[in-house]
Amino acid sequence: MTRYIVNRRTFLFPSTTPQPGGQFPLLERGQRLTGQPANAFVHKTDDPAGFVDARNVAEIPESVSIGGDLGRGTFCRAATAAAGGTGADRNYLLSAAYFLSGNLANLGTAESVAVGPFAYTIDDWLAGIDAANAAGHALLAVDLFDPARQLTVAALRAVAAGRAFATAAGRPARPVELFLFERLG
């Protein structure tokens with residue numbers, strides 16, 4: 001079976017009898033499910049079973065990967081672009097990613113609670129993409145599994161945390177302070 005993530009809130013159409021009162025259950029953005037393609041739908045096979053509009057879900061990769069040395073170079077270039085586009089510190093972004101992922105080696109799987117180079121949980125990710133999309137980006141829940149897309153959210157979070165720290169402390173944050181402030185508040 002294939003794992004999917006819900007990108008937009010959507011109805012789950014029952015595969016047997018409808019819910020009492022004719023109500024269809026809702027699947028929330030970020031929810032993971034198991035299923036298989038069925039024409040324009042995904043047949044959700046885990047409980048509760050049913051059918052989901054395929055336009056509202058995306059397939060989750062089996063594992064998250066940078067892709068060896070070539071992928072690391074691409075990730076570093078993406079970090080440079082994300083930093084340049086947001087004003088974040090590129091070295092901070094790369095240091096945080098390397099630290100949180102064991103040198104970009106432990107990025108998680110479709111089943112992991114924390115995923116990618118920045119070890120985001122689904123709640124952190126959904127809050128991050130809401131902020132990124134408000135800033136003009138177009139990220140979806142499934143982008144959690146794309147290390148380069150995580151850089152956009154990480155850069156925006158780092159900038160926001162840096163500003164909040166400077167306001168609270170009256171000075172710019174050192175990298176370790178920024179990391180702790182961004183992660184722990």
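# Chat about a predicted model

Biologist: Where does F41 lie in the secondary structure?
Modeller: F41 lies in strand β5, which covers residues 41-44.

Biologist: And which residues make the nonpolar surface patch with F41?
Modeller: The patch is made by F11, F13, F24 and L26 together with F41, and its area comes to about 410 Å². Of these residues, F11 has a relative accessibility of 41% and therefore counts as partly exposed, while F13 is partly exposed with a relative accessible area of 31%.

Biologist: How many aromatic pairs does a search of the whole structure find?
Modeller: The search finds 8 aromatic pairs. One of them is F11 with F13, whose ring centres are 6.2 Å apart and whose planes meet at 45 degrees, so the pair is tilted; the tilted class lies between stacked, under 30 degrees, and edge-to-face, over 60. Y120 and W125 form another tilted pair, with 5.9 Å from centre to centre and 40 degrees between the planes.

Biologist: Y120, then: buried or exposed? And what about W125?
Modeller: Y120 is buried, with a relative accessible area of 1%, and W125 is buried too, with a value of 0%.

Biologist: Changing topic, where is R90, and what does its side chain do?
Modeller: R90 is found in helix α2, which covers residues 90-100, and the side chain of R90 is joined to that of N91 by a polar contact of 3.3 Å. With a relative accessible area of 30%, R90 is partly exposed.

Biologist: Which residues 61 apart along the chain does D146 figure in, and how far is the separation?
Modeller: D146 and G85 are 61 residues apart along the chain, and their C-alpha atoms are separated by 18 Å. D146 itself lies in the loop between α3 (122-134) and α4 (147-169), and at 29% relative accessibility this aspartate counts as partly exposed.

Biologist: What backbone nitrogen lies by the side chain of D146?
Modeller: That of A148, which lies 3.0 Å from a polar side-chain atom of D146.

Biologist: Last one, E182: buried or exposed?
Modeller: E182 is buried, because its relative accessible area is 13%, and the cut-off for buried is under 20%. Its place is in helix α5, residues 175-184.

Biologist: And which residues does E182 contact?
Modeller: The side chain of E182 makes a polar contact of 3.2 Å with the side chain of R183. Beyond residues up to four places away in sequence, E182 touches Y92, R157, A158 and A161.

Methods. Residues numbered from 1 in each chain as written. Predicted model: local features only at pLDDT ≥ 70, side-chain atom pairs only at ≥ 80, totals over all residues. Heavy atoms only, no water. Patch = residues over 30% accessible without salt bridge, like charges linked within 9 Å, V, L, I, M, F, W, Y side chains within 5 Å. Areas by Shrake-Rupley, 256 points an atom, 1.4 Å probe, with all protein chains shown as cover. Salt bridge = Lys/Arg side-chain N within 4 Å of Asp/Glu carboxyl O. Helix = DSSP H or I, 4+ residues; strand = E, 2+ residues; numbered from the N terminus. Buried < 20%, exposed > 50% of the residue type's maximum accessible area, 1.4 Å probe, protein only. Polar contact = N/O pair within 3.5 Å; in protein donor to acceptor, adjacent residues only side chain to side chain. Contact = heavy atoms within 4.5 Å. Phe/Tyr/Trp six-rings, centres within 6.5 Å; stacked < 30°, edge-to-face > 60°.
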